[in-house]
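User: Hi! I have a two-chain model open and would like to talk it through with you. Could you take a look?

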Amino acid sequence: MKTRSIASLLLTTALTFAAAGVASAQDKTVKIGALSDQSGLYADLGGPGSTLAAQMAVEDSGLAAKGWKIDIISGDHQNKPDIGTAIARQWFDVDKVDIIVDVPNSGVALAVNNVIKEKNGVYINSGAATSDLTNAQCSPNTVHWTYDTYMLAHTTGQALVKAGGDTWFFLTADYAFGAALERDTTAVVTANGGKVVGGVKHPLNTPDFSSFLLQAQSSKAKIIGLANAGGDTTNSIKQAAEFGIGKGGQKLAALLLFLTDIKAIGLETAQGLSFTETFYWDMNDQTRAFSKRFADKMKNNAPPTMVQAGVYAGVRHYLKALEALGGNPHDGVKIVEKMKSMPTEDDLFGKGEIQPNGRTIHNAYLFEVKKPSESKGPWDFYKLVGTVPGDQAFTPLSESKCALLKK
Amino acid sequence: MQALYAQLLVGLINGSFYALLSLGLAVIFGMLNIINFAHGAVYMMGAFVAYFLLNLGGINYWWALLLAPIIVGIFGMILERTMLQWLTGLDHLYGLLLTFGIALIVQGVFQNYFGSSGLPYAIPDQLKGGMNLGFMFLPIYRGWVVVFSLVVCIATWFLIEKTRLGAYLRAATENPTLVRAFGVNVPRMITLTYGLGVGLAALAGVLSAPINQVRPLMGADLIIVVFAVVVIGGMGSIMGSIITGFALGVIEGLTKYFYPEASNTVVFVLMVLVLLVKPTGLTGRAA
């Protein structure tokens, strides 16, 4: 009796282990969590559009036909780091999510970065700007797509200093993102012989900028650098026009502008602004075809922003890595290593690579906002001014402070 | 010193919005005893109605100043007739919860269709440009906002405190049964009052459309500050809410100059201080 029960116990254990072994080798289930600001000032540049982008990436991967089961869930971090980390923890612990994508708002993005590292998940950030994600706070689980503050400073910022804008005043959003963007841009300004004469830190989501704009105006700086994003940037630009700042000889530097921001400001006010993005819907046949499919599924028929495009490209690359691995090992570090070992290529960003610190390298483009008379459609906003190759736009590995590089 | 003058003036401009919004809240609270949390949502609707009038109907800003408050006011009156009137006599909490729910639904619907970044609304041609005051460049539109809202505030105060209609209104809140006995249609008067309060919020919405983005959350961001203004001024006090509205705008403006990081919180710090010293607000009477 006793020997029999022990035998059966051993048998069951063996079977369980065998089953588990089979599952890990051929496990073709994936759960993607799209974590974003779904209703606040960044919802239009990420938000529901990013979830849609992730869905389209899954559909376009064709993995469903090969027996993969891929689910997507979405969450609203409301621009609060505590809510973001709580959702991330729940996703890993309860919902068994493998990968978190998007996450605009640098404050939330950095907080979530730690959770994902702790849970050994995969993090493809497209929405946040802070270059810290691939520098001081880099993680073996993280890939940063689309853009960062270093890139913004070394494209738009550098171009303006070289064109004679050698004194700067910053309007900075008072959280991790604004601080990082101001820091990286200041470095570029001083390195090119310019000077920062002052600045003001405003709370996130400020409706009225007149007070700050007056301070910028009286500083007499040639360039007013907007180290803010989304609704804060659109309000700054609109109200700067109202206070006659452009006419007084001062120039606004919108360091970070998205397609949806231009829509919100209107071409009448936005025309002539120069800025940098890594994706625009109207670049070539592939981007136009993708954007058409995307816009057809959006409620307000908006084409994708660069953040949403980054979510698509990131998820596509992640799924390619999983396919190459032959199954989902549910091991974040291993998957990200695989992603880094494969060159990136997709219709939206073209060819690129993921550096050892997690930074994705691809081209960046200098754009100028069209005049109302030049615009031929509801989203026809940009004129291409120049292309900056990826290796010049993003942090060179020699300058990166990422601990992963020291091995 | 010059910079200080400029900040004072800018504060006055923001104060105009606080005053207009808190005035509407005070009227509604004073006459209907409802804490109208939907006030931010109707402010937003005012701006959106102006946007639709311009872009769908080609109706300009000046007409929008008249039409948007009427349209949104009618929406408010329908709300009052169909929902709020059933709460008469119940605890304040019910009205607060109901209007808060309404606000969330209205904002959600707008957000669903128009996204969160907002829509542009241009400054009317007649008010474009600005003038150099020596110490600052004042956009004409901002000057217009201050003057116009001051006029509206004083007119509303006059209507309620100095006219026969206002006297009926105040009497109806004190003792509705007695006023009804004099042959006054009290329920209708209350509906119209709610419409007036909501219309004032919509008017503020139209005024702010060219300055801020026309966004679904424009009211939600503002309403909490406005509530603090009303609490500081004293719930239900018309003149109190007008004066505190302008005063707090100025104080906030000065904070933006001296310590910008605190500009979001200064109003609430003041609220706490006032409540500690005088719980009924600066001009409020004991309930």
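This is a predicted model: local features need pLDDT of at least 70, side-chain atom pairs count only at pLDDT 80 or more; totals for chains, interfaces and linings use all residues.

User: Which residues of α5(B) are buried?

Analyst: They are B:Tyr141, B:Arg142, B:Val145, B:Ser149, B:Val152, B:Cys153, B:Thr156 and B:Ile160. As background, an α-helix has 3.6 residues a turn, so residues three or four places apart point the same way.

User: How far apart are the end C-alpha atoms of that helix?

Analyst: They are 32 Å apart in helix α5 (residues 140–162) of chain B. Its 23 residues should span 33 Å at 1.5 Å a residue, so the two values agree.

User: Let's move to the contact between the chains. How many residues does each chain put in?

Analyst: Chain A gives 36 residues and chain B gives 34 residues. On the chain A side, the elements giving two or more residues are β7 (195–202), α7 (210–218), α8 (231–242) and α9 (259–265).

User: Which element has the largest share on that side of chain A?

Analyst: That is α7(A), with 6 residues.

User: And what is the side of chain A that touches chain B like by class?

Analyst: There are 17 polar, 10 nonpolar and 9 charged residues on that side.

User: Zooming out, how many helices and strands are in chain A?

Analyst: Chain A has 14 helices and 15 strands. Its radius of gyration is 23 Å, close to the 22 Å from the globule rule for 407 residues, so chain A is as compact as a globular protein of that length. Along the principal axes, its C-alpha atoms fill a box of roughly 95 × 40 × 35 Å.

User: What percentage of chain A counts as buried?

Analyst: Of its 407 residues, 57% count as buried. As for contacts in chain A with a separation of 6 or more, 73% are between residues 24 or more positions apart.

User: Back to β7(A) for a moment. Is its pairing with β6(A) parallel or antiparallel?

Analyst: Strand β6 (residues 167–173) of chain A pairs with β7(A) in the parallel sense, over 7 bridges. One bridge pair there is A:Thr172 with A:Lys201 in β7(A). Together with helix α6 (residues 176–191) of chain A, these two strands make a right-handed β-α-β unit. β7(A) is also among the elements giving two or more residues to the side that touches chain B.

User: Nice. What is the order of the open sheet of 3 strands in chain A?

Analyst: The order is β11-β12-β13, with antiparallel pairing. β11 (344–346) and β13 (360–361) stand at the edges with a single partner strand each, so one side of each has no neighbour in the sheet. Strand β12 (residues 350–354) of chain A pairs with β13(A) over 2 bridges, and A:Glu353 has A:Ile361 in β13(A) as its bridge partner.

User: Now some backbone angles. What is the phi of A:Gln78?

Analyst: A:Gln78 has a positive phi of about 50° although it is not a glycine. The residue is in the loop between β2 (69–76) and α3 (81–93) of chain A.

User: And A:Asn105, buried or exposed?

Analyst: A:Asn105 counts as buried, because it has 32 C-beta neighbours inside 10 Å. A:Gln78, with 16 such neighbours, counts as partly exposed. A:Asn105 has a positive phi too, about 80°, and is found in the loop between β3 (99–102) and α4 (106–119) of chain A.

User: Why does A:Gln38 count as buried?

Analyst: The cut-off is 20 or more C-beta neighbours within 10 Å, and A:Gln38 has 20, so it counts as buried. It is in the loop between β1 (29–36) and α2 (47–61) of chain A.

User: What does A:Gln38 touch, beyond residues up to four places away in sequence?

Analyst: A:Gln38 touches A:Ala43, A:Gly47, A:Pro48 and A:Asp76. A:Asp76 is 38 residues away along the chain, yet the two C-alpha atoms are separated by 5.1 Å.

User: Last one: where does B:Tyr94 lie?

Analyst: B:Tyr94 lies in helix α4 (residues 92–114) of chain B and counts as partly exposed, with 15 C-beta neighbours inside 10 Å. B:Tyr94 and B:Ile35 are 59 residues apart in sequence, and their C-alpha atoms are 9.1 Å apart in space.

Conventions
Residues are numbered from 1 along each chain as its sequence is written. Chains are lettered from A and ligands numbered from 1 in the order in which they are written. Two residues are in contact if their C-beta atoms, placed from the backbone, lie within 7 Å. Helices (H or I, at least four residues) and strands (E, at least two) are DSSP runs, numbered from the N terminus. Ala, Val, Leu, Ile, Met, Phe, Trp, Tyr, Cys and Pro count as nonpolar, Asp, Glu, Lys and Arg as charged, and the others, Gly among them, as polar. The radius of gyration is taken over C-alpha atoms; the globule rule is 2.2 Å times the number of residues to the power 0.38. A residue is buried if 20 or more other C-beta atoms lie within 10 Å of its own, exposed if 12 or fewer, and partly exposed in between; C-beta atoms are placed from the backbone. The expected span of a helix is 1.5 Å times one less than its number of residues. Two strands pair if DSSP finds at least two bridges between them. A crossover is right-handed if, with the strands pointing away from the viewer, the path from the first strand over the helix to the second runs clockwise.
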